[in-house]
Protein chains: 2
Amino acid sequence: MNRSPFDLGPWPPLGYVGSALDRAAERRGDAAFIESAERHGGAGVYAISGEVVVLARRGDSLDPLLSPEEAHGLGPLLERVFVGLVDGAARTGISLAREMTEVLKARGDLLILDLRSIAIQGLAPEHLPGLAAAKALLTWHATHRFCAKCGHETKSAEAGWRRDCPACGTHHFPRTDPCVIMLAIDGERCLLGRQSRFPPGMWSCLAGFVEPGETFEEAVRREMFEEAGIKTGRVSYYASQPWPFPMSVMIGFHTEAKTTDLTIDMNELEGARWVERAEVSEMLLRRHPAQIFALPPVTIAHHLIRAFIEKGAKLFP
Amino acid sequence: MNRSPFDLGPWPPLGYVGSALDRAAERRGDAAFIESAERHGGAGVYAISGEVVVLARRGDSLDPLLSPEEAHGLGPLLERVFVGLVDGAARTGISLAREMTEVLKARGDLLILDLRSIAIQGLAPEHLPGLAAAKALLTWHATHRFCAKCGHETKSAEAGWRRDCPACGTHHFPRTDPCVIMLAIDGERCLLGRQSRFPPGMWSCLAGFVEPGETFEEAVRREMFEEAGIKTGRVSYYASQPWPFPMSVMIGFHTEAKTTDLTIDMNELEGARWVERAEVSEMLLRRHPAQIFALPPVTIAHHLIRAFIEKGAKLFP
């Protein structure tokens, strides 16, 4: 059988998606229900401190879902949120003070690892959606302890899904920042960019936050022009992905290049270049002779590039 | 020529999209540049107070783009933001104290009207994107005067695109809340819902905010189940729309119903029902015998419904 050089085989899963959690939003205000779900035999806890997650070593494997007893043994909590239910048992997110992580790193029964690494190493794919929800929510609590409207200290409500101001009565809801990420296509070439903070050799799609008063499609065209100086035409939605760094949702697009001369915004990018479909395939598969490579399979950037490799010009029929 | 009963003719424009503004993001920190663009002969101002916009009466027409002199005559400002450039001339957004609107309503040379009505009545379609950006930004300033991290009062920076905390140094960026809006399809029927706050007879798509840690597609399925009790399968992106009420972006989807028995969440909806393609066409065109109708053409709900009327089952090939 002839396999096309652009058929890369089975697709890897996109990280942080495919949640099996029942968010049970209508029960968040019911403290007795939440407590009972947390006492359920199958209840488990995600413990997070800033960018890192606490994993329990269980024989040869690592488990980010701690038992309530294990979680209790980690020390004092900053915040506690109800993430959702799995078969009636609670998934709880807790945040620990950053200084505690140094203490926990010394414990032989635990591993302290940042969430990006957990995702990239494929350590606990089924827990990524719950970890993403817990991390985004807990980061929101840590950075939104005061009322933006009046300045008074606020209190967590609805099992962590709201913060209420006792002074002015405002209800504050968790924030999620929409961010477009897009691959520009010029026939058999696509546009990759490099930020200076990337590991050496790594290239990705371009991305940027959606601003007030613009559509995603307008944001895609604006960012392509601001960062790379190219004009783009059609914009085609691909997929979305929770991105809890610190609290975004990535919205993936392909877009058709109308111009190809690059004017790079060096404040945003260290470089950008057009890459042929065959070459970007080598980068994605990490067998490029120059050791350059594209983002790992858990990212939507990887999937956007892969869709271009497989479909080529058919992305814009 | 036979025209299909489901061909509704030319499509109306979606409101708040198709911006001609150059946001000139890289110039926002350059006060001298902004001032010079505001002194440009073509400079104009959008004046907003809460939900209402100030329009100048010019002969038989109404104009939301005020001259700098007209804007100056409206009274003291709460906040000022640089929205963008048109041919090098600034578009500025200003907010007025709510108590001023009563004074301005008495002036014969002005009309005070809420932004939704301006859009629905088609008064100034070319200004809707700028008004949307100005309104979302100014609402954000009005409700985010204090640092959510430390409680100190913050100051506007970057011509209104950031607020900085002088106490803890945090930079705060404008907030945009992603909100999915979706039309569920069951063969030749679609699902419409009614909120109690709607005008009598009006029906729409279902909608809800995207939560931390979920994809748009997961949010669509969750909301359909929470609000209508139905399970849905495939989810197909349609378009996005800025929705500055107060500061959202609407993300439109069609989704395939897997179950059709309705269990309505009466906290969210007053009613929901499956409507045949022919009947929903009568609602969209406002010629339904029972005087029921769907949302007006400027909304993405209208466009989602219209796409179903025109394409029917072809939405999910």
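**Salt bridges and the chain contact**

Modeller: Happy to! A search over all chains of the whole structure finds 50 salt bridges, each being a side-chain nitrogen of Lys or Arg within 4 Å of a carboxyl oxygen of Asp or Glu. This is a predicted model, where local features need pLDDT of at least 70 and side-chain atom pairs count only at pLDDT 80 or more, while totals for chains, interfaces and linings use all residues; side-chain values use heavy atoms, leaving out hydrogens and water. Residues are numbered from 1 along each chain as its sequence is written, and chains are lettered from A and ligands numbered from 1 in the order in which they are written.

Biologist: Nice. Which residue does A:E38 meet in a salt bridge?

Modeller: A:R80, at 3.5 Å from N to O. A:E38 sits in helix α1 (residues 31-39) of chain A and A:R80 in strand β4 (residues 77-86), so the pair ties together parts 42 residues apart in sequence. Helices (H or I, at least four residues) and strands (E, at least two) are DSSP runs, numbered from the N terminus.

Biologist: And is A:E38 buried or exposed?

Modeller: A:E38 counts as buried, at 18% relative accessibility, whereas A:R80 is partly exposed at 42%. Buried means under 20% relative accessible area, exposed over 50%, and partly exposed in between (1.4 Å probe, protein chains only).

Biologist: Switching to the two chains: how many salt bridges are there between chain B and chain A?

Modeller: Six. One of the salt bridges pairs A:R23 with B:E214 at 3.5 Å, N to O. B:E214 also meets B:R222, at 2.6 Å, and B:E214 and B:R222 are both buried. A:R23, B:E214 and B:R222 belong to a network of salt bridges that also links A:R28, B:E211, B:E223 and B:E226.

Biologist: What area is buried between chain B and chain A?

Modeller: About 3500 Å², with carbon and sulfur atoms giving 57%. That is the accessible area (1.4 Å probe) that two parts lose on being put together, summed over both. In terms of contact (heavy atoms within 4.5 Å), 45 residues of chain B touch 45 residues of chain A.

Biologist: Why do you say the copies meet through the same surface?

Modeller: Because 100% of the interface residues of chain B are also interface residues in chain A. A rotation of 180° with 0.0 Å of shift along its axis superposes chain B on chain A, with RMSD 0.0 Å. The two copies are thus related as by a two-fold rotation axis. The superposition is by least squares on C-alpha atoms of residues with pLDDT of at least 70 in both.

Biologist: Which residue of chain B comes closest to the rotation axis?

Modeller: B:G151, with its C-alpha at 2.2 Å.
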